[in-house]
Amino acid sequence: MASLERMRSVSSEIAEKTRIITDYLASKGLEATSHDVDGLADFPIPPSDVEPYMARLDLISATRELYLLSLGPKKMLQETVWSCIDMAALHAVWAFKVPQAVPLQGSISFDDLTAKVVEMNKAAIGVAMLRRILRLTMTNHIFTEPTKNQVAHTRASRLLLQDASAESQVGLICDNIWPAVVSFVSALKKWPASEEPNHAPFNVAYDTELSFFDFLSQKENQWLSDRYNSSVKGYGEAAMSGLDQVVAGYPWGELGDKTVVDMGGNQGDVAMAIARAHPRLKFIVQDKAGMRTPESIGTVPPELADRVKLTAHDMLEPQPVVADVYFFRIVFHCFSDKYCVKILQALVPALGKGSRVIINDGAMPEKGTVGRVEERYLRMGDLFVATTMNSREREVGEWTDLFARADGRYQVTRVWKPQTSALYFIEAEWTGEKEESGRRGIHPRL
Ligand SMILES: C[S@@+](CC[C@H](N)C(=O)[O-])C[C@H]1O[C@@H](n2cnc3c(N)ncnc32)[C@H](O)[C@@H]1O
């Protein structure tokens, strides 16, 4: 009767974790999340309140386990493959800009909504089809039908209207990444064991020789890099890998007034969050030239402008900026080992004795060492980067190998994962002397 016992124990765990969360919220006079259009979109529990924070993650795992047990393996397989239809419906909602046509307060009839959608998109879609699409997304709390044939917003559909990074993430995945997902197996067959960034499912889908980031950096694809950048911003708000985790997870204060080069720092959101918390630190944020626009450079607020600079540099080229610390957050998972080694070697000309490299990135967990939901997100991320960039997440021990392969003068000093974070910190120190400027260039592998 182990199966009955398991259902009972998971259900008790759910009750216990729910109690911890609701007691915490009640003690602070806070609400829980809700699908109501005016409800909370995210739980107001900071990672520093470890017990309720971890209870929520455990609750997600446990409810998922009970849900899958309740389905049973046969139905679970069906649910998994049929979820692609959820994706198709959400894609249609996004593509036809339905959230913009539904009033934030009150509701609209399917007929009037269809007329607005047709007018907005200058594209024909019938009321019957729109109703079918929305009645499916409503089963995922994306829109609701308060009375028969009337459509109203929920909190999730309102996010698609008002939260730029949520909207970008849905658009990026449904509209731009989905064709690559469908090409996953074709790419595996076409390029088995390749380490090249342009041998990804993305390349099959888009029939391009350009790697994902080179594709994004093309002038004509500026709209796509804007969407990607906005989507990355959303990642910074995510539980377990958000900005608060990177700010709290490393002893930045110990660095005093040092200069940190944030490599692959995108639009500087991470650097700005750390700079706000540590007023003596300075940041030079580097990213590919094609990912920079005058508008994005202008987003550094005046109070940080003298401490955070957004600049362009290709990290596969020798590092021109001599600084105390080089920081990479969720960057190495965008590259295969071969190119991670090149990136570390390209840093060498700038390094002096004691220079630090700090990496904040995922590491694949040993079975059972992290929560089930955490493991699932990490493993989805692993195959996401395989799909887009032919790269991978690494296991904890592999980080040391990567530094050793790049140059024997790197010494990994610390590897740790803050309790509430999905991402590790890996810190290495350069033990060699600064290279003569005449000998600048990528150091040969030792
Ligand atoms: C997953 S994002 C991480 C962004 C940021 N570090 C963060 O934590 O939000 C990876 C970043 O690496 C940048 N990147 C990719 N290839 C690069 C290259 N060769 N040189 C510089 N930046 C690069 C991308 O443009 C992107 O901004």
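User: Is A164 buried, exposed or partly exposed?
Analyst: A residue is buried if 20 or more other C-beta atoms, placed from the backbone, lie within 10 Å of its own, exposed if 12 or fewer, and partly exposed in between. This is a predicted model, where local features need pLDDT of at least 70, side-chain atom pairs count only at pLDDT 80 or more, and totals for chains, interfaces and linings use all residues. Residues are numbered from 1 along each chain as its sequence is written. A164 has 13 other C-beta atoms within 10 Å, so A164 is partly exposed.

User: Which helix holds A164?
Analyst: Helices are DSSP runs (H or I, at least four residues), numbered from the N terminus. The run spanning residues 164-182 includes A164, and that run is helix α7.

User: What distance separates the C-alpha atoms of A164 and G234?
Analyst: Along the chain, A164 and G234 are 70 residues apart.

User: How far apart do the C-alpha centres of domain 2 and domain 4 lie?
Analyst: Domain bounds come from an automatic or database assignment. Domain 2 covers 86-163 and domain 4 covers 228-439. Their C-alpha centres lie apart by 39 Å.

User: Are α2 and α16 roughly parallel or roughly perpendicular?
Analyst: The axes, lines fitted to C-alpha atoms over the stretch in contact, come within 7 Å and cross at roughly 85 degrees. Angles of 65 to 115 degrees count as roughly perpendicular. Therefore α2 and α16 are roughly perpendicular.

Note on methods:
Helix = DSSP H or I, 4+ residues; strand = E, 2+ residues; numbered from the N terminus. Axes fitted to C-alpha atoms, helices over the stretch in contact; angles between N-to-C directions. Parallel < 35°, antiparallel > 145°, perpendicular 65-115°, else oblique.
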